[in-house]
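Please open the structure in your viewer and keep the selection tool at hand. The stops below say what to select next and what is to be found there.

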Amino acid sequence: MEGNMDVHEKEGYVWVSVNPKIYPLAVVYSAAYSFIDDCYVLIDGDPVEEIIVELRPKEKKDLRTLGLEFNTELVNYANYTANYIKNAKIKETILKRVLLTNSLSKENEKIERNKTDKIREKETNVLLGGKDGEGGNKQKKE
Amino acid sequence: MEKVEINKKKNEVIIRFNKKFYTLPPIDQAIKDFNEVCDARKEGSDLILKPKQKETLDRLGYEFYNYVLGLMKNT
């Protein structure tokens with residue numbers, strides 16, 4: 001065994017041992033999934049103690065390199081997940097503020113529109129000949 | 001015990017899933033999706049696939065494993 005890898009040259013696969021305390025299962029699945037185009041991926045072991053990922057390349061490939069690439073992908077997805085969690089709260093806060101601002105401006109818009117409508121109504125009534133917006137078809141006294 | 005055991009005489013492949021990693025719903029879905037490629041039956045905890053085309057026997061079990069992983073990842 002070399003590091004966390006066990007190369008089975010004759011059988012054509014490599015086992016990569018993953019510590020689930022360092023890499024959550026979701027990260028392992030993501031890393032494994034990214035390999036299914038080029039490899040057959042089989043997951044075994046214990047999700048609490050030790051996860052064993054078996055990688056069988058579909059075409060001839062150096063097994064040690066394959067194992068190392070898998071380790072790199074684990075780090076990649078672990079980093080992505082950590083950043084995602086870190087940024088999720090910030091994104092939530094920003095979104096809340098945007099929605100709150102949007103709903104406040106909609107409220108203000110409504111109030112302004114109502115004011116404008118009332119003013120227009122009064123003006124229209126005045127134009128139509130009513131005093132102080134009484135409206136109607138009152139004829140002017142000569 | 002082998003996770004994928006090929007029986008060329010019977011033209012069958014036996015697949016063993018570790019239930020701690022592979023759940024039943026994606027496996028059942030994969031069985032349905034592979035219906036045109038193979039016949040499937042369960043014997044205890046083993047899943048036995050019989051390909052409809054002999055040439056696919058060597059790859060069938062592994063392709064099935066990958067397919068189940070894909071289903072699990074996407075659900």
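Rings of Phe, Tyr and Trp (for Trp, its six-membered ring) are taken as a pair if their centres lie within 6.5 Å, with planes under 30 degrees apart counted as stacked, over 60 as edge-to-face and the rest as tilted. By this rule there are 10 aromatic pairs over all chains. This is a predicted model, in which local features need pLDDT of at least 70 and side-chain atom pairs count only at pLDDT 80 or more, while totals for chains, interfaces and linings use all residues. Residues are numbered from 1 along each chain as its sequence is written, chains are lettered from A in the order in which they are written, and side-chain values use heavy atoms, with hydrogens and water left out.

**Stop one: an aromatic pair in chain B**

Select F34(B) and F64(B), whose ring centres are 5.0 Å apart and whose planes stand at 75°, so the pair is edge-to-face. F34(B) lies in the loop between α1 (24–33) and β3 (38–43) of chain B and F64(B) in helix α2 of chain B, so the pair ties together parts that are 30 residues apart in sequence; helices (H or I, at least four residues) and strands (E, at least two) are DSSP runs, numbered from the N terminus. Both F34(B) and F64(B) are buried, a word that here means under 20% relative accessible area, with exposed meaning over 50% and partly exposed in between (1.4 Å probe, protein chains only).

Keep F64(B) selected and show what is in contact with it (heavy atoms within 4.5 Å). Leaving aside neighbours within four places in sequence, these residues are I15(B), F17(B), I27(B), A30(B), I31(B), F34(B), L47(B) and L49(B). A nonpolar core is a set of buried Ala, Val, Leu, Ile, Met, Phe, Trp, Tyr and Cys residues joined through side-chain atoms within 4.5 Å. The largest such core has 46 residues, and V41(A), F70(A) and F64(B) are those with the most contacts inside it. Helix α2 (residues 57–74) of chain B gives the largest share of this core, 9 residues.

Move along helix α2 of chain B to M72(B), which counts as buried at 13% relative accessibility. Not counting residues up to four places away in sequence, M72(B) touches Y29(A), F21(B), Y22(B), T23(B) and P26(B). Then select N11(B), in the loop between β1 (4–7) and β2 (12–16) of chain B; although N11(B) is not a glycine, its phi is positive, at about 55°.

**Stop four: the interface**

How many residues of chain A are in contact with chain B? There are 20, and they meet 16 residues of chain B. The area buried between the chains, meaning the accessible area (1.4 Å probe) that two parts lose on being put together, summed over both, is about 1,700 Å², of which carbon and sulfur atoms give 61%. In chain A, select Y29(A), Y33(A) and Y40(A), which lose the most area to chain B, together 34% of what that side buries.

A salt bridge is a side-chain nitrogen of Lys or Arg within 4 Å of a carboxyl oxygen of Asp or Glu, and 3 are counted between chain A and chain B. End at D46(A) and K20(B), whose side chains meet in a salt bridge (3.7 Å, N to O).
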